[in-house]
Amino acid sequence: MPVPRLISDYLAELSADLPGRIVEELADGLDETYHGYLGQGLAPDAAARAAVEEFGEPRVIVDAFTDASHSRKTARRLLAAGPGVGMCWAVVLITARAWQWPVPVAARVLFGVSLITVIGLLAAAAFGRRYRLVRRAATAACVGTAVLDAMMIGTALAAAPVLVWPVTAAVALSAGRSAFALRNVPHTLTG
């Protein structure tokens, strides 16, 4: 039996935002619901309307999947960790007089722009309403976080080789955050 147009349109709207595997699962449930209504004696068009109404508005479904996504949770955790790690690095940079380090101005500017970009990506992933955008932003932010942490660790260890407690704390926190970010990249890629 062909799928009623109302149901195929509904699934097409979900497909615009959700990955195929999720839409397939929803399609199976919607098909079961549709056939349940047919079994109750409803006409095909009425059964399709009833099944779609039972499932709810596509935007609500997409929002629910977006809110529950691993990408969103990862981005929020990285955002929450940011100020603490940043404060540790601020202590390191101030106590080690980082303004005297032999780091080119262009590298400093590039790092600052990259940091702002990663924070923006994390915010887009943490608060965005579009599932695919949240997933892509979280993936890019995880990679960006790991790269920025590696750059800070490498620069600090090269420019301020004396390991004092602020450097040790900042390196440990950055390494932990970087490991968390990289461990979650596969999850952000798949949803």
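**View 1. The largest nonpolar core of this predicted model has 27 residues.** Leu78, Trp89, Leu122 and Ala125 have the most contacts inside this core. A nonpolar core here is a set of buried Ala, Val, Leu, Ile, Met, Phe, Trp, Tyr and Cys residues joined through side-chain atoms within 4.5 Å, with buried meaning under 20% relative accessible area (1.4 Å probe, protein chains only). H7 gives the largest share, nine residues.

This is a predicted model, where local features need pLDDT of at least 70 and side-chain atom pairs count only at pLDDT 80 or more, while totals for chains, interfaces and linings use all residues. Residues are numbered from 1 along each chain as its sequence is written, and side-chain values use heavy atoms, with hydrogens and water left out.

**View 2. Here is Leu122 with its contacts.** Setting aside neighbours within four places in sequence, Leu122 is in contact (heavy atoms within 4.5 Å) with Ala75, Leu78, Leu79, Ala141 and Thr145.

**View 3. A second, separate core has 19 residues.** Leu14, Leu18, Leu26 and Leu30 are among them.

**View 4. Helices H2 (residues 20-39) and H3 (residues 44-55) cross at roughly 130°.** Their axes, lines fitted to C-alpha atoms over the stretch in contact, with angles running from 0 to 180 degrees between N-to-C directions, come within 8 Å. On the H2 side, the contact includes Leu26, Leu30 and Tyr34, and on the H3 side, residues including Ala47, Ala51 and Phe55.

Technical notes
Helices (H or I, at least four residues) and strands (E, at least two) are DSSP runs, numbered from the N terminus. Buried means under 20% relative accessible area, exposed over 50%, partly exposed in between (1.4 Å probe, protein chains only).
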